[in-house]
Amino acid sequence: MDSINIVPAPSAPVINPQVSNSATRTSLRVCWSLFSDDSVEYYELYYRPVLEDTPAVDSTKGPDVSNVKVKETHCSVGELLPNVQYEFWVTATNTTGISPASEKAVYVTVPSPPVIRQRECSSCPEAALIRWESGNTNPVDSYTVELIETGTDGQSGVTESIVAVPTCESLIQLESGRQYLIYVRAVNIGGPSDRSQAFTVSTTGTIFHLLQDTAHPCLSISEDGFSMFYGDEELPLSCTVCVWSRCVAVLGDLIPVRGRHYWEVELDEDTEYRIGVAYEDTQRNSYLGGTNTSWCMRHVLTPSRHKYEFLHSGWSPDIRITVNPVRIGLSLNYERGILSFFNVELEQHLYTFYCSFQRYVHPCFALDNPGALTVLTGVEAPGYVHLV
C-alpha cells in the first residue's frame with residue numbers, strides 16, 4: 001500500500017518556441033509546459049549564450065551556465081546582452097526527484113539600434129534615400145523606418161512607419177518643402193530595437209555627398225563630404241593605377257528619383273574644372289565630357305582668355321562667357337531631359353544640354369589644376385531656373 005502513495009518524479013518539461021515580441025534588449029520571457037498529471041514543486045531554468053564555435057549539444061563546454069528557480073511555467077530572465085542568442089533548458093522537481101532536462105530551445109534578445117550612415121544618405125524635394133548599418137552580430141529579420149514631420153510647434157508624432165524593410169537602405173517618398181526626423185529600428189522575433197539616433201532631412205533641395213571611394217587619389221575630400229581639394233603634390237607610387245586615369249575627378253551620390261534636382265558649386269575663377277553629371281559606369285580611362293555617358297561644363301585658362309566648354313561625347317558648341325562665374329548652379333530635370341548651368345550671382349543662364357537620360361546619373365566634379373571646389377546642396381532652386 002505504501003508504494004501506491006509514492007509520487008513519481010516529473011517527466012521532462014517541453015520548452016515552447018519563442019513568440020514574437022517576447023523580449024527586450026536585455027531580457028527574455030521563456031515559457032514551457034508539462035504533462036498535466038505530473039506533480040511539481042518548482043522548476044529550474046538554465047541558460048547560457050550561444051557561441052558560434054561551441055556545439056549547442058555539448059553542455060560541458062562554452063560559457064558558464066546560469067539558472068533560476070521558479071514555481072510557474074514561465075520566467076522573465078534579465079541582465080542579458082542585446083541581439084544575442086541564448087539556449088534554455090528546464091527541469092522539474094518534486095519530493096521524489098528531478099525530471100530529465102528538456103530539449104534545448106534558442107531564444108534571442110532584440111537587436112541594438114541601427115546606426116544611420118549620414119554621409120551615405122541623400123535627399124531631394126520628393127524623396128530621401130536613407131542608408132544605415134545594422135550594428136548587430138546576429139542576423140536581423142527586417143527594419144522599420146519611422147518619420148516625424150517637424151514644424152514650428154515641434155514634433156507632431158510619427159507621421160509614417162515603413163515596416164518590413166529587408167535591407168539596410170530605404171527610398172522614402174516625402175512632401176516637398178518639409179523637414180523630417182527619421183529613425184530606424186531593427187526587428188527580430190524578439191521584437192523591435194530602440195530607435196536609432198535621429199537623422200534630419202530637409203526637402204527644400206537636393207542633398208548628396210562626394211563619394212570618397214570614387215575619388216582620384218590626388219583629391220582630398222572634406223569630412224562633411226561637400227568640398228574637394230587638389231594639391232600640387234605628386235601622385236604616390238602606390239597610387240599610380242587609380243580609378244581616374246585622365247582627370248582628377250570624383251562622383252557625388254545622387255538619390256535615384258525622377259524629378260528636378262538643383263545644386264551649386266563654388267570655386268575660384270582661376271580654377272580649371274569640369275562639373276556636370278555622369279552615369280555610374282562612365283569609363284574612368286576617359287575624361288568627363290569625353291564620352292556619351294557624361295555631360296559637363298569645362299573651364300580652361302588660356303594665355304588670352306578664360307575658355308568655357310560644354311562637353312558631351314567630346315564635342316562642345318562655340319560659346320563665349322564674358323563674366324567668369326564663381327558660383328555655378330546646375331539644374332537636372334529627368335522628365336524634360338535637360339541639364340542646365342547658371343551663373344548664380346548674375347542669375348544668368350549659361351547653357352542647357354537636351355538629352356534623354358536612360359539611367360539615373362551622378363553629379364561629377366574634376367579639377368584640372370591644383371585648387372579647391374565646394375558643393376552647395378540642399379539649396380532651393382531659384383525662380384529663374386524654372387524658366388529654362
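## Model and confidence

This is a predicted model, in which local features need pLDDT of at least 70, side-chain atom pairs count only at pLDDT 80 or more, and totals for chains, interfaces and linings use all residues. Residues are numbered from 1 along each chain as its sequence is written, and side-chain values use heavy atoms, with hydrogens and water left out.

The average pLDDT of the chain is 89. This score is the predictor's confidence in each residue, from 0 to 100. At least 70 is reached by 91% of the residues. Residues 237-241 fall below 50. Beyond near neighbours in sequence, that stretch has two contacts in the model. A contact means heavy atoms within 4.5 Å.

## Positive phi in two loops

Most residues other than glycine have a negative phi. Asparagine 21 has a positive phi of about 55 degrees, although it is not a glycine. Its place is the loop between β1 (14-15) and β2 (28-33). Strands are DSSP runs (E, at least two residues), as are helices (H or I, at least four), numbered from the N terminus. Asparagine 21 is exposed, at 57% relative accessible area. The classes are buried (under 20%), exposed (over 50%) and partly exposed (in between), using a 1.4 Å probe and protein chains only.

Serine 313 also has a positive phi, near 55 degrees. This serine sits in the loop between β23 (306-312) and β24 (327-333). Serine 313 is partly exposed, with a relative accessible area of 41%.

## Nonpolar cores

A nonpolar core is a set of buried Ala, Val, Leu, Ile, Met, Phe, Trp, Tyr and Cys residues joined through side-chain atoms within 4.5 Å. The largest has 40 residues. Ile275, Met297, Phe341, Phe357 and Phe365 touch the most other members. A second, separate core holds 20 residues, including Ile15, Tyr43, Val90 and Val110. In soluble globular proteins, nonpolar side chains tend to be buried together.

## Threonine 150

Threonine 150 belongs to strand β11 (residues 142-151). At 21% relative accessibility, threonine 150 is partly exposed. Not counting residues up to four places away in sequence, threonine 150 touches Gln179, Tyr180 and Leu181. Valine 70 is 80 residues away along the chain, and the two C-alpha atoms are separated by 48 Å.

## Salt bridges

The structure holds 14 salt bridges. Each is a side-chain nitrogen of Lys or Arg within 4 Å of a carboxyl oxygen of Asp or Glu. Glutamate 120 pairs with arginine 117, with the closest N and O atoms 3.5 Å apart. Glutamate 120 is partly exposed at 33%. Arginine 117 is partly exposed at 29%.

Aspartate 253 pairs with arginine 131, with the closest N and O atoms 2.8 Å apart. Aspartate 253 lies in the loop between β19 (248-251) and β20 (260-266), and arginine 131 in strand β10 (residues 127-133), so the pair ties together parts 122 residues apart in sequence. Aspartate 253 is buried at 9%. Arginine 131 is buried at 16%.

Arginine 298 and aspartate 368 meet in a salt bridge at 3.8 Å, N to O. Arginine 298 is partly exposed at 22%. Aspartate 368 is partly exposed at 28%.
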